[in-house]
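Subject: Handover of a structure and a summary of its features

Dear colleague,

Please find the sequence and the structure below. A short account of what was found follows them.

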Amino acid sequence: MNYLTRRLLTFPLVMLGVSILVFFAIRMIPGDAITAMLGTEAGLLTPAQRAALSEYFGIDQPILIQYWKWLLGVFQSDLGISVTHGKPVLSIILERFPLTLQLAIMAMVVALAVGLPAGVFAATRKERPSDLGVRIFAMIGQSTPNFVVGLLLIYALSAGFGILPTMGEFTPFSVDPLRNLSQMILPAVTLGFAFAASVTRISRSAMLDVLSDDYVRTARSKGVPKRRVIWRHALPNALIPVVTLSGVEFGYLLGGAVLVEQIYALPGLGRLVLEAILQRDYALVQGCVLFIAFNFLVVNLLVDLLYVALDPRIRLGEGG
Amino acid sequence: MGQHFTTKALTGLALGVALGAAAIAAPASAATLKMAWKQDATGLDPHKQTAFSSIRLLELIYEPLVRFDKDLQIVPALATSWEFAADAKQLTFKLDPNAKFQDGKPVTAADVKASFERLLDEKTAAAARANFLSIETIETPDDKTVVFKLSQPDVPLLTAMASINAAIVPAAEIAAGTIGTKALGSGPFKLDNWVPNSKETLSANKDWAGGKVAIDGIDISVLPDETAILAALRTKQVDFALINDPLVATLVPDEPNLVLNRTPVLAYHVLQLNASRKPMDNLAVRQAISCAVDRQDVLDTASVGEGKVTGPLTMPGYTSDPSSLFCYKKDIDKAKKLMADAGFADGFTATVIAANGEPATAAAEAQVIQSQLAEIGVKLDIKMMELNVYVDAWLKGDFDMAVALNGGRADPYSMYNRYWTKNGNLQKVANYIDDTLDSLMQKGREETDPAKRKEIFAEFEKHIAEMAPWVWLYTSFSYTAQQKNVSGFETTPEGSLFGLTKVTLQ
């Protein structure tokens with residue numbers, strides 16, 4: 001059996017595990033959909049009223065039966081109905097996902113566009129002041145929480161220049177690219193900022209390893225220009241750790257960036273999950289988490305496949 | 001190749017930033033009010049929704065029979081007049097002959113009857129049902145007259161009807177089972193579109209019987225971070241916004257183009273003591289705690305002084321000077337003596353629960369109280385909880401002490417009967433009751449003479465402050481912020497946005 005088949009076969013198992021975990025974990029938190037909707041007024045309900053609401057929210061049956069019903073639905077690609085939105089869970093997720101995907105891609109572009117050149121630059125100037133400068137900057141970037149960066153950006157732009165991206169809604173790129181970009185640039189920069197710092201540090205150290213390799217020295221002594229050695233010979237071999245890091249990060253980003261979405265009022269997947277948890281919209285939480293887990297698995301698989309493309313010496317799943 | 005790619009990406013990025021900056025913040029169309037709030041509505045069923053954020057939206061779409069004005073006086077809404085029978089056991093309403101639902105059908109007595117029957121039906125599961133239990137039968141002698149026959153005298157019933165939870169909905173929609181999925185009211189605005197936790201689009205109802213609305217509509221954006229709301233106001237992206245956090249509100253007046261509206265509200269911040277647990281079951285201990293708390297200091301420290309120290313009664317017309325109540329001036333010596341008398345000269349340890357961000361000042365309040373009670377040897381452990389977890393513990397009465405922000409009402413009976421009567425629904429949360437409280441509440445419910453009611457509730461307030469089951473702290477403000485070109489907004493102590501019907505945009 002080849003690697004890909006084996007990986008794909010583990011998918012359902014992992015998904016099943018995730019489904020069990022999320023289903024029971026969300027129900028273990030005190031408070032339910034009734035107290036989420038009514039707050040302290042829930043104390044005014046009579047037992048009959050409470051029963052009517054439990055039935056409405058689908059929490060009146062034994063928990064194992066609830067789980068079984070939900071699982072059967074999932075196999076028929078029916079993730080249930082969200083009680084807070086009054087719509088099928090899958091359709092809500094698919095409405096929110098384009099934003100999250102675009103934000104993740106843009107943040108990655110920002111991070112790689114800044115981080116890779118900075119890392120390579122620092123590696124080629126090892127221990128010189130410019131290297132130190134890049135490293136300090138990377139350290140600051142990595143240790144500043146992104147909500148701080150976001151709030152500072154919003155404050156600086158609105159107070160200093162009187163401008164701000166349109167908040168509270170999302171215009172898809174296909175509808176109005178200009179408006180879409182004006183909404184997404186700041187959040188992407190905010191998210192990409194910290195990640196650019198990680199990319200800088202990883203690519204610097206990977207580059208340093210590679211630059212000390214024999215083949216680099218050989219190439220240089222053969223008279224290949226330094227620039228060409230760095231970008232054509234060394235960089236592709238230094239990319240493996242960067243790809244690993246980026247893959248993991250991209251997988252996380254596809255799960256939504258809660259804080260950045262909160263600050264910029266973007267209706268993405270992260271806020272959807274947060275709101276669903278706060279309102280105890282069980283079907284929506286379960287659907288979102290499954291969807292996110294699935295994306296994570298797919299991204300990881302793609303990263304593995306990318307290794308092979310980057311380094312033909314790697315043969316996945318054939319005994320190392 | 002690598003270098004080529006990077007350069008291209010960087011150029012693209014720079015271009016994007018430039019374009020983005022150019023396209024930022026298009027001017028608002030003149031007659032649509034752009035509004036922002038942090039917390040979105042959680043549903044559209046006016047009978048069932050109790051969250052503040054839902055009520056704020058539904059008040060614009062639906063109407064009850066009567067509503068409150070800015071002084072909490074009852075004024076007409078769907079009913080033009082009303083009358084209690086002399087024994088307060090019958091309440092008659094005349095409906096506005098011009099009132100129409102947004103589908104053009106007239107509002108009739110049958111709709112009123114159907115709405116209240118829905119509210120009273122346990123299957124509807126409306127928490128507000130508890131306020132309308134005295135309704136025995138509803139008669140409709142003609143299309144525009146409704147008579148409520150009551151099982152007992154119930155003066156506060158009228159004020160309970162001035163709530164969106166007693167909204168009149170079309171009988172046909174009740175029959176069709178579409179209340180909550182479709183918003184069809186008789187109010188000043190129609191809900192054209194709602195994307196939960198993102199935005200609402202409302203347009204003015206041209207046929208509204210209550211008068212002409214000056215703006216064409218309202219576009220509401222949900223901006224979950226209040227500093228971002230302030231930024232949106234600053235850049236004129238938003239004309240009008242609701243603000244919860246007093247710290248953000250106090251920044252508004254610094255902006256030359258913005259106006260802050262600040263209204264005292266009925267809701268009260270309180271330290272609830274659980275009198276069913278030791279040692280809070282001891283009157284002297286509770287009184288000692290009440291004497292050791294410096295209410296003004298809590299207000300100043302936790303809420304930058306934004307509010308007013310209050311006794312239990314927060315509604316205009318019933319409030320008294322709080323300094324006349326038991327131990328409203330911090331008195332550490334008296335507190336220490338009370339503790340010693342109760343056998344707790346060395347103090348004790350207890351846990352206080354509070355909800356994260358609900359209100360925004362909850363954690364700060366708990367911390368100030370913790371340091372104040374330390375002075376009499378009471379060691380408080382603060383347990384911060386997510387709101388829903390807190391509500392769960394609160395409803396079960398599962399706490400030693402709780403920092404809370406409880407809702408207020410225009411009538412003292414409607415506000416407190418749930419806690420301070422023997423059959424109160426939330427008696428197990430209040431965990432304290434005595435005969436005096438119970439009988440004063442019953443008297444207040446039946447008395448029709450306003451001056452006598454005021455006396456009854458003044459006695460209630462004095463007694464409960466002395467029994468100290470709870471330590472009432474302060475009332476705060478509701479805040480809205482607006483651009484200078486927005487005018488005519490009138491606030492109410494309930495924090496209603498109904499005043500938006502009078503707003504004009506220059």
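To begin with a definition, a residue is called buried if 20 or more other C-beta atoms lie within 10 Å of its own, exposed if 12 or fewer do, and partly exposed in between, with the C-beta atoms placed from the backbone. Helices (H or I, at least four residues) and strands (E, at least two) are DSSP runs, numbered from the N terminus. The model is a predicted one, in which local features need pLDDT of at least 70 and side-chain atom pairs count only at pLDDT 80 or more, while totals for chains, interfaces and linings use all residues. Residues are numbered from 1 along each chain as its sequence is written, and chains are lettered from A and ligands numbered from 1 in the order in which they are written.

Helix 12 of chain A

In helix 12 (residues 269–278) of chain A, 7 of the 10 residues are buried, so this helix is largely enclosed by the rest of the structure. The buried residues are A:L269, A:G270, A:R271, A:L272, A:V273, A:E275 and A:A276. They pack against helix 5 (89–124), helix 11 (258–263) and helix 13 (282–310) of chain A; two residues are in contact if their C-beta atoms, placed from the backbone, lie within 7 Å.

Most residues other than glycine have a negative phi, and most peptide bonds are trans. A:R280 lies in the loop between helix 12 and helix 13 of chain A and is buried, with 23 other C-beta atoms within 10 Å.

Chain B as a whole

Chain B contains 16 helices and 19 strands. The radius of gyration of chain B (taken over C-alpha atoms) is 25 Å, close to the 23 Å that the globule rule (2.2 Å times the number of residues to the power 0.38) gives for 506 residues, so chain B is as compact as a globular protein of that length. Its C-alpha trace spans about 80 × 75 × 40 Å along the principal axes. Of the 506 residues of chain B, 53% count as buried.

Strands and loops of chain B

Strand 14 (residues 348–355) and strand 15 (residues 378–385) of chain B pair in the parallel sense over 8 bridges; two strands pair if DSSP finds at least two bridges between them. In this pairing B:A354 stands opposite B:M384.

B:E358 and B:P359 are joined by a cis peptide bond, with omega about -5°, and B:P359 is placed in the loop between strand 14 and helix 11 of chain B. Another cis peptide bond joins B:K278 and B:P279, where omega is about -5°. B:P279 belongs to the loop between strand 12 (258–273) and helix 8 (283–292) of chain B.

Is B:V304 buried or partly exposed? B:V304 is partly exposed, with 14 other C-beta atoms within 10 Å. Although not a glycine, B:V304 has a positive phi of about 40°, and its place is in the loop between helix 9 (295–302) and strand 13 (308–309) of chain B.

The contact between the chains

The contact takes 52 residues from chain B and 56 residues from chain A. Helix 1 of chain B gives the largest share of the side of chain B that touches chain A, namely 12 residues.

Yours sincerely,

A colleague
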